[in-house]
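Let's take a friendly walk through a protein model, one region at a time. Have the structure open beside you as you read.

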Amino acid sequence: MFKYIADTILYSWLALDNANHWVQALHFFIYDSLKIGFLVFFVISLMGIINSYFPIDKVREFLENKKLYGLEHLLASLLGAATPFCSCSSIPLFIGFLKGGIPLGVTLSFLITSPLVNEIALVLFLGIFGFKVTLIYAIAGIMVGTIVGLVLSKLKLEDHLEDWVKKQLKEKMDQAAFKDVRTFSERFSDIKSEAVDTFIKIMPYVLGGVAVGGLIHGFVPTGYFEQYMGKENLFAVPISTILAIPMYSNASGVIPIIQSLVAKGIPIGTAMAFMMAVVGLSLPEALLLKKVVKIRLIAIYFSSVGVSIIALGYLFNLVL
Amino acid sequence: MIIKILGSGCKSCKKLESNTKQALSELSIVAEVQKVTDYIEITKYNAMKTPALVIDEKLVSFGKVNDVSEIKSFLE
C-alpha cells in the first residue's frame, strides 16, 4: 500500500525517471516515512493503553517479594522489555525499585533491557526485517538483561551506590499507590495526548534516519560495504559497537539507516550489534546513572553489556 | 499550601505547572508552586516517574500530566 502511494506520487503524478539516483532516494524516503510513521503511531497508541492500565508502580509491585532463584532476573528483563523506556525517568525508577526492596541486580536487569528491547525498536524491526529477525533480536536483548543482571548481582555491588542513595534506602518509605478507576473513555484523552506528544517527539529522528537511509539506498552501490565490513572482518563487530556509544539517538532514527546498510552489504549481526549499542550503551544514560552509582559500577555495567552485545553480533553473523 | 512539581524540566513538567496554576486560580486558592528538578529531592517523595505532583509534602500523582479538573480534585 505504501509502495503504491510512493509509486503514484513519483512516477504517475510527477512522471519522474526511476533510474535516477535522486528519484530512488526520494522513493525510499516517501515509502519508509509513511510505513514507519504509521507503524510507530500504532504502537505508541497501543503502548499508551497498556501503560495506562499497567503503570510502573504495578510493575514494581509485581517484582517485589519475588524470590525465584534467578528467574526474577528474567521476569525483570521481560517487564523491562514491555515497559516504555524514557531516559528522563530512569533515575526515579531506579531508586523507586530499590526502595521497594527489589535487589540491585534485578533492578539492573530491568534497566538494561528496557532501552534495548523497546516497543518502537521492535515494531520497526518487524516492519523492516521481518518476524524471524525481530524475534531473535527481542530474545537476545532479554537474555542480555537477564544474564548481565544475574552476573552483576553476584558481584555484590551495593557498595557502589552513591551515598545519598544509600541514605535514602535506609529511610522508611510509605508506598505510594494510586488506584486509577477511570473508564476507558475517561482515560482516552490522556492516552491520546501522550501518544501524539511522543509521536511528534520521535518523528524528526525517524525522518532524519529515513533521509540518510534514502541517500545510502540511492547512491551507494549494492554490496559496497562488504569489502570493508564483511563477515570475514573480525574487527567489524567490536568497532561498530564502540562507534555506536556516542551516537545516542532514538532507535527509530537508527533502524532505517541500518536497513540501508544491510541492503548494501553489512552483515546483519554487525548491524544488530551496532543497533543494540546505540540504544543500550549511551553516554547520556551513563551520565544520568553517574548521579546514583559510583563510576566503578558504571564501568562494570557498560563493559558487561558491551561484551554481551559483541558476542551476540558474532553469533548473529554466524547463524543468520 | 505548598505545591511542588517534580521533574527535570521537560515539556510535560511545564504543562503540569500551568495546569496546576490554572486549577489554583479557578478555585481561588493561594499557594506557593515550586519546581523541584534535583533527583535527590525527587526520589525522596518516592515518585518513580516524572512529572510528579506533591501537595503539602504528600505525593499525589506521578508519571502523568494531570488535567485541570483532576488537580482540582486533589486540592479540594
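K156(A) counts as exposed because it has 10 C-beta neighbours inside 10 Å, and a residue is called exposed at 12 or fewer. Keep in mind as you look that this is a predicted model. You can find K156(A) in the loop between α8 (131–154) and α9 of chain A. Its backbone is worth a look: K156(A) has a positive phi of about 50°, although it is not a glycine. Most residues other than glycine have a negative phi.

E57(B) is not a glycine, and yet its phi is positive, at about 65°. E57(B) sits in the loop between β3 and β4 (58–62) of chain B. Is E57(B) buried or exposed? E57(B) is exposed, because 9 other C-beta atoms lie within 10 Å of its own.

## A cis peptide bond in chain B

Now look at the step from T50(B) to P51(B). Is this peptide bond cis or trans? The bond is cis, with omega near 0°. Most peptide bonds are trans. P51(B) belongs to the loop that runs between α2 (39–44) and β3 (52–55) of chain B.

## The sheet of chain B

Next, trace the strands of chain B. Four of them make an open sheet, in the order β2-β1-β3-β4, and the pairing is mixed. Because β2 (32–36) and β4 of chain B stand at the edges with a single partner strand each, one side of each has no neighbour in the sheet. From one strand to the next, the twist averages 20°.

Take β1 (residues 2–6) of chain B and β3(B) as a pair to study: they run in the antiparallel sense and are joined over four bridges. Within that part of the chain, L6(B) stands opposite A52(B) in β3(B). Helix α1 (residues 11–26) of chain B packs on the sheet, where it touches β1, β2 and β3 of chain B. The direction of α1(B) makes about 160° with that of β1(B).

## Inside chain A

Which residues touch the most other members of the largest nonpolar core? They are A273(A) and M275(A), in a core of 101 residues. Helix α2(A) supplies the largest share of this core, with 11 residues. If you set aside its neighbours within four places in sequence, M275(A) is in contact with V254(A), I255(A) and I258(A).

Helix α2 of chain A, residues 21–53, is also the place of Y31(A). Y31(A) is buried because 21 other C-beta atoms lie within 10 Å, and the cut-off for buried is 20 or more. Not counting residues up to four places away in sequence, Y31(A) touches F2(A), K3(A) and A6(A). From Y31(A) to A6(A) there are 25 residues in sequence, but 5.5 Å in space from C-alpha to C-alpha.

## Where the chains touch

Finally, turn to the boundary between the two chains. Here 19 residues of chain A are in contact with 16 residues of chain B. On chain A, helices α3 (56–63), α5 (90–99) and α9 (163–170) each supply at least two residues to the side that touches chain B. Which helix gives the most? It is α5(A), with six residues.

What classes of residue make up this side of chain A? There are 11 nonpolar, three polar and five charged residues.

Key:
Residues numbered from 1 in each chain as written. Chains lettered and ligands numbered in written order. Predicted model: local features only at pLDDT ≥ 70, side-chain atom pairs only at ≥ 80, totals over all residues. Contact = placed C-beta atoms within 7 Å. Nonpolar A, V, L, I, M, F, W, Y, C, P; charged D, E, K, R; others polar. Core = buried A, V, L, I, M, F, W, Y, C linked by C-beta atoms within 7 Å. Pairing = 2+ DSSP bridges. Axes fitted to C-alpha atoms, helices over the stretch in contact; angles between N-to-C directions.
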